[in-house]
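Open the model in your viewer and keep the selection panel at hand. The stops below go from one bond to the whole chain and then to a single residue.

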Amino acid sequence: MEKVEIFDTPTLRTTANITQHSPASVPAVFAEMMALQDISQLKINSVFTVRSRTGELQAALYNSTLGLCEFLEHPFRNRLLQIIQLELIRHSNIPTKCPMRAGLYYIRNASFARARIPSFLPASYFRVDVNLLNTNPWQTLLGTRWYGKLIKK
């Protein structure tokens, strides 16, 4: 992971950064989210896009929108989001069931360096968009863009 961009709203104030975590100098994610109200009807949209070395977006290889509550109940149905969820569970206090209650949530020292990436994703520079959408009323609560380089071993 190299860089993150956050597009938050007054309902879900968010900050995030990526730092090098010692001792192996592995990139680690740190984030804080302040939910100002309970949120019960969430959808999550995730898009994996290959980009060139210069940053130009080339092809979206994965684009999925699903109910967050349904995903939390059955995470094995979405392999890519499940990989992210497993790392977040170990390094955050993000809810694992619905609804998302008002309060402060954090991610500390999450690293995806050892994640088991699905084989359909090629070694590449990438951008992953992860967006949280409220369905009542329909609005984007949080937009994120995560940039990095996928290295297959």
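Which hand does the disulfide of C69 and C98 have, and what is the torsion about its S-S bond? The torsion is about -110 degrees, so the disulfide is left-handed.

Before going further, note that this is a predicted model, in which local features need pLDDT of at least 70 and side-chain atom pairs count only at pLDDT 80 or more, while totals for chains, interfaces and linings use all residues. Residues are numbered from 1 along each chain as its sequence is written, and side-chain values use heavy atoms, with hydrogens and water left out.

**Stop 1: the disulfide**

Select C69 and C98 and show their side chains. Their sulfur atoms are 1.9 Å apart, and a disulfide here is a pair of cysteine sulfur atoms within 2.5 Å. C69 sits in helix α1 (residues 68-73) and C98 in the loop between α2 (79-91) and β6 (103-110), so the bond ties together parts 29 residues apart in sequence. C98 has a relative accessible area of 28%, which makes C98 partly exposed (buried is under 20%, exposed over 50%, partly exposed in between, with a 1.4 Å probe and protein chains only).

**Stop 2: the whole chain**

Switch to a cartoon view. The protein chain has two helices and eight strands, in the order β-β-β-β-β-α-α-β-β-β from the N terminus. These elements are DSSP runs numbered from the N terminus: helices are H or I of at least four residues, strands E of at least two.

The radius of gyration is 15 Å, close to the 15 Å of the globule rule for 153 residues, so the chain is as compact as a globular protein of that length. The radius is taken over C-alpha atoms, and the rule is 2.2 Å times the number of residues to the power 0.38. Along the principal axes, the C-alpha atoms fill a box of roughly 40 × 35 × 30 Å. Of the 153 residues, 43% are buried.

**Stop 3: L104**

Now select L104, in strand β6. Leaving aside residues up to four places away in sequence, L104 touches E32, M33, M34 and N93, where contact means heavy atoms within 4.5 Å. Finish by drawing a C-alpha to C-alpha distance from L104 to M34: the two are 4.5 Å apart in space and 70 residues apart in sequence.
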